[in-house]
Amino acid sequence: MSLRRLVPFALAAFVALPAAAQEADAPPADAPIESPDGETAEAKVPLDEIRRYVSVYNAVKQAYVEPVDDQKLMHSAIRGLLFDLDPHSVYLDKEDAESFDEQSRGAYDGVGVELMRQPDGSLRVISPIDDTPAARAGVKAGDVITAIDGKPFKPDEGDQSGPLRGEPGSKVTLTIVREGKDKPFDVTLTRETIRVASVKSRMLEPGYGYVRISAFQADTAADFESQLEKLKAQAGGKLRGLVIDLRSNPGGLLTSAVQIADDLLDSGKIVSTRGRIAISDAEFGATPGDRLNGAPVVALVDAGSASAAEVLAGALRDNDRARIVGSRTFGKGSVQTVLPLDNGDSVKLTTARYYTPSGKSIQALGISPDVVLQPGKEADKSIRNFSEASLPGHLRGDSEKDGEEGQPGQNAGDVLDGDAPIAAALVELKKPVASAATKPAAKTQ
């Protein structure tokens, strides 16, 4: 199977390479990718390792207790190449790859939940999507799905979220392990066509607007601009301030997050990406024009805010455009590129890390808010250590390389539900902007 040209597609944990790099710098079809020292990757594959693989393959074919299908054995071997890299690098069958493409467009048939594969084959919930079967049934960020319709996962099966998709009206049963619960429990969901309205808005008080961004899809930036104009009209033409709610936003298309940051910035860097090969390196900057004309902004985040959501929060904070309120974010600071194969399958491969305008990596660390909020008394306290750094095999962040931040996961934030965090964000929004630079981080109940 040969790799075709890289495609500018991204979803949830994925960010696409810029279109210019795709056209000008991507290798042609079937061309080897050149390593940093100038030698092709193929030239560095040791023949002894190839012989060892063939020997094991032949041994399995000849001596295993039951016959093994060639295709199944080869797929297992390919998945094994990616298995120990990091939790985000996986092999996608054609059907799974197509489902990611559907989700980036904002409509698909399923239950409405963002997932991450774990080394034991189980699926960890990053966040349920607003107003979907999963959210309505009480599925929570941090839950671990250990079986679908009674079928448990195997470590070498790769991404097995496909069974969650299906005809609208059909049912699927999830076996869930939740921290704080004595034993696993089942939740039965009815699939439906998920049409995710990724942007919603309302007025909190006269002059003060609220925008909820639940995910970053292809049309999210355009919807954000439309909702912003609607709020401005309701405020008599000008907003006094805006709360952007990014709680439990699992990310999505980087380009949408960049465009929204650009809508609120007059100048400055937004985000940069760095990898081993030149095509993975990119930098995005703001263009003149602030749609809020300098009105204060507060970004509300929590432990479920990941990837592109962290890019937006980091860009606004580093450019002194917004105060960040909530809890420490998930810490998903790596770039995944979808590489299509000539048989219709794809490889989702981690190719770079992204960096905030100040040059800081979010990977395995997340964004620490300026104002820390604590979960309310009614919050589910069972969700702990919910972060990228708590995932086995996660890509190490710069702070871990430098020996900082202690043990992975110890700085995980909280999942903040309900309207109380919105009220707290509004309080911060009304404070004089100058106080953000002079006051230490506060803690609010």
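A residue counts as buried when its relative accessible area is under 20%. Strand 5, residues 144-148, is mostly covered by that test, with four of its five residues buried. The structure is a predicted model.

## The chain overall

The chain holds 11 helices and 20 strands. Of its 445 residues, 51% count as buried. Take the contacts with a separation of 6 or more: residues 24 or more positions apart account for 70% of them.

## Strand 5 and its partners

Which strands pair with strand 5? Strand 4, residues 123-128, is joined to strand 5 by two bridges, and the two run antiparallel. Across that pairing, Arg124 stands opposite Val144. Strand 7, residues 171-177, runs antiparallel to strand 5 and is joined to it by four bridges. Strand 6, residues 151-152, is also antiparallel to strand 5, with two bridges.

Strand 5 and strand 6 form a hairpin. How many residues lie between the two strands of this hairpin? There are two residues between them. Asp149 sits in the turn and has a positive phi of about 55°.

## Helix 2 against helix 3

Two packed helices are described by the angle between their axes and the distance between the axes. Helix 2 covers residues 47-63, and helix 3 covers residues 70-83. They pack at an angle of about 140°, with axes 12 Å apart.

Which residues make the contact? Helix 2 supplies Tyr53, Tyr57, Val60 and Lys61. Helix 3 supplies Asp70, Leu73, Met74 and Ala77. Sorted by type, the contact has six nonpolar residues, two charged and no polar.

## Single residues, by accessibility

| Residue | Relative accessible area | Class |
|---|---|---|
| Tyr354 | 1% | buried |
| Ser214 | 5% | buried |
| Ala364 | 11% | buried |
| Thr193 | 27% | partly exposed |
| Asp320 | 72% | exposed |

**Tyr354.** This residue belongs to strand 18, residues 346-355. At 1% relative accessibility, Tyr354 is buried. Tyr354 and Arg274 are 80 residues apart along the chain, yet their C-alpha atoms are separated by 6.3 Å.

**Ser214.** Ser214 lies in a loop, between strand 11 (208-213) and helix 6 (220-234). Is Ser214 buried or exposed? Its relative accessibility is 5%, so Ser214 counts as buried. Setting aside neighbours within four places in sequence, Ser214 contacts Asp130, Val196, Ala197, Ser198, Ser248, Asn249 and Pro250.

**Thr193.** Thr193 is in strand 9, residues 192-195. Its 27% relative accessible area makes Thr193 partly exposed. Which residues does Thr193 touch, not counting those up to four places away in sequence? They are Tyr108, Asp109 and Pro168. Thr193 and Asp109 are 84 residues apart along the chain, and their C-alpha atoms are separated by 4.3 Å.

## Positive phi outside glycine

Asp320 is not a glycine, yet has a positive phi of about 55°. Where is Asp320? Its loop runs between helix 8 (308-318) and strand 16 (322-326). Asp320 counts as exposed because its relative accessibility is 72%, and exposed means over 50%.

Ala364 also has a positive phi, near 60°, in a residue other than glycine. Ala364 is found in the loop between strand 18 and strand 19 (371-373). With a relative accessible area of 11%, Ala364 is buried.

Definitions and conventions: Residues are numbered from 1 along each chain as its sequence is written. This is a predicted model: local features need pLDDT of at least 70, side-chain atom pairs count only at pLDDT 80 or more; totals for chains, interfaces and linings use all residues. Side-chain values use heavy atoms; hydrogens and water are left out. Axes are lines fitted to C-alpha atoms, for helices over the stretch in contact, and angles run from 0 to 180 degrees between N-to-C directions. Contact means heavy atoms within 4.5 Å. Ala, Val, Leu, Ile, Met, Phe, Trp, Tyr, Cys and Pro count as nonpolar, Asp, Glu, Lys and Arg as charged, and the others, Gly among them, as polar. Buried means under 20% relative accessible area, exposed over 50%, partly exposed in between (1.4 Å probe, protein chains only). Two strands pair if DSSP finds at least two bridges between them.
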